[in-house]
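Student: Could we go through the terms used for this structure and the grounds on which each is applied?

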Amino acid sequence: MFATGNSRELDESTEHTLAVIANRRSRKAADDFVDGKFDWKSLPNRIASLADQLRVWTAENRPELPYRFSDDPNEARRIAMTASVLVAVDARGLRPAMFLNAFESLFRSLLHDWDDYEQSMSKPSCRIISDLHTLGWIRPQTETRSSGFLLKVLQSAIRKTVFQHIKTTIQGQFDEQGLYQTVCNWRDEVVSTWVQAVLWPEGTGDMENVKIAAWKQELESLTAQCFCEARMEEIFDIVADYSDSHPAVEELEKVLETTQMHKQIAEVLGKELVKRLNHPGANTSQIIDVYIATIKVMRVIDPSDRLLEVVAEPVRSYLRNRVDTVRCIISSLTDAEAGGDLYQELRRQDAKPLENVTVDSDDEEECPDFNWQPQPSVYQTRGTFFECSGGRGDVDILAMLVSIYGSKELFVNEYRIMLADKLLANLTYDTDQDVHTLELLKLRFGESSMRSCEVMLKDLDDSKRTNTLISRTLNAQHMSANGLLGNVVDVATISHTFWPSLQHEPVKHHPRRQSELDAYAHEFERLKNPRKLIWFDQLGSVDLELDVIEVNGDGASIVVTKEFNCSPLMASLITHFEDKLQWTAEELSDETGISQHVLEKRLMFWVNHRVLSIVTCWKHTTTYEISSASHLGEEGASTPSSMMDEDYGGRGQAVSASAQEEEEMEAYESYIVGMLTNMQQLPLDRIHGMLKLFVSGSDIRYDKTPQQLHQFLLSLVRAEKLECGPDGMYKLYNK
């Protein structure tokens, strides 16, 4: 208390008090503590000096001010010393964060160097711990005194050290078991003993044992949280490496039972999937593989599938807009060489038809009955991935992939197109593997959906028998006439109603090739009367043996017989050189009916294989002739560089995907015209909805996406059948 009096007496008293404060021992010690370059490496000496001065002050047992911070003189001195240090830090201009981070770095260094209790207590770190306790900066809270102001900093240092150790131990280790137990053993042997030595260096009693038990419980929780956070940083890699990473997923699922961090895992994984997959640079098949792995991983972590729906929805939406998603899924289902997850999925013993699989119970149209059960909890334990427990347990991978589009017809049509291309390229007529795959697909997609594919396989078997009969007849005829086998044609006869649209471009065959085809067609008509053949001239392949000029190791020119497999057009072009050794591009174009520009590109296949050579090449005329030894030295001299990389020898794709889609969309034109006749004008989404409503259930099914319908409507606009206004409304074209 200050005595009242005149202003002069008050000023003298205040000046005296300030002088005392400025010269008090705690203030001088605090100034020395923050003096010079302040970093964590200098803290041990600073702390030791400050603690020594506090010990001397305590030994003198003299109060510093006429007021006390505590009833306990020793506690009052600690508080005064601590307050002076904090004031000095502020006066020095040190940022509080920098000041506290220095202590955090010190604590992390002490914990990193800790071995065990007996060995480490003899190290210099023991002096630092003792000095900090003398200052009261890291002491635990009791009933009579508050906790040290560095206790939270100590907790932060422990957390960062534990996280860093866990990250170093488990990073990239997905196929090892027992990693979490290894981390827990390190925590018990190192961290727990270090915490006990730091907080209770003078031993423990009953009260301290209770607090130690509480700290150990907090350390267990901290270890589990840090383990989950470390796994969250590499969750995408864990998913991408599944099932090799199954041990890591199982271990993570067990730790999540303690931390309940399912939501955080799902959020991180969802962002990583969007970042890594939802961009044009990602391959569609890779996206599908990661999507399947995501389903499996999330089924282990979250049996309820509620988190899976949130995590996978952005990927599902992105796959829905990719043009090759359906083809990649069907390829994976039927690719025996790759033998991936989808290939194994199709061969599951417990597989159910897609009609009996519920993907999302929220989309069920029927009301629940009295046997309805709620969805399982996120934390309910599930057995294996494909175990069913009613309701959502029936969901499988194929069903979830089909649900991306909401219709299995897209997948059936895509398989039909792929099967057609594969069968037409099958020169051995061996369909055993395709029949087996078809039977498996019928179990999943339904027998009625795969009826066209059955007919296609039957057509190939019938073609094999027909070829055998016709070849026997034609060979017998030629043997009796000139003693040589006559038939060189194998034909795949198809029922065009059940096959997808095929490429159809007229090709004028060489007369000798055409006579062989005519002989086969005549015998077919006699055998299968009244059926007749309609040729797809550009499809198929031809095996040829040609003499080619090569250079041997001695540099001499030799004639080598090579086998070529090429398209019918390429075979017809090279056959013309049997009649005449030299042709100009203009003459051969007139003979074959092919434009000169296209013809020159096709002939480059034979030029590149040294069967033909270009002898002259003017602005508008190119001359070709059969290669000879004299052409080897001039090879490439007169070849246009724009043609050198062209290669049209192989067979192209038999099925026209665009023609197939065009044929299907034309069936909807009458529906669209009828709508616009009655409704005058409609937007795209309204037309799409009405087609789904009116076309479904009839012989023609509507299973197109709005994007596909939009392209078809644009084609009708270009054909001047419809008009599209600036507001996106479609109406009939007014002529």
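Tutor: Let us begin with a helix contact: Leu569, Met570, Leu573 and Ile574 of H23 meet Leu599, Arg602, Leu603, Phe605 and Trp606 of H25, where contact means heavy atoms within 4.5 Å. The model is predicted, so local features need pLDDT of at least 70 and side-chain atom pairs count only at pLDDT 80 or more, while totals for chains, interfaces and linings use all residues. Residues are numbered from 1 along each chain as its sequence is written, and side-chain values use heavy atoms, with hydrogens and water left out.

Student: What makes H23 and H25 roughly perpendicular to each other?

Tutor: Helix H23 (residues 568-579) and helix H25 (residues 596-608) pack at an angle of about 80°, their axes being 10 Å apart. Angles of 65 to 115 degrees count as roughly perpendicular, and H23 and H25 are therefore described in that way.

Student: Why is isoleucine 295 called buried?

Tutor: Buried means under 20% relative accessible area (1.4 Å probe, protein chains only). Isoleucine 295 has a value of 0% and is therefore buried. Its place is in helix H14 (residues 284-301).

Student: Which residues have the most contacts inside the largest nonpolar core?

Tutor: They are Phe33, Phe103, Phe107, Ile158 and Trp194, in a core of 137 residues. A nonpolar core is a set of buried Ala, Val, Leu, Ile, Met, Phe, Trp, Tyr and Cys residues joined through side-chain atoms within 4.5 Å. Helix H9 (residues 179-199) gives the most to this core, with 12 residues.

Conventions
Axes fitted to C-alpha atoms, helices over the stretch in contact; angles between N-to-C directions. Helix = DSSP H or I, 4+ residues; strand = E, 2+ residues; numbered from the N terminus. Parallel < 35°, antiparallel > 145°, perpendicular 65-115°, else oblique. Buried < 20%, exposed > 50% of the residue type's maximum accessible area, 1.4 Å probe, protein only.
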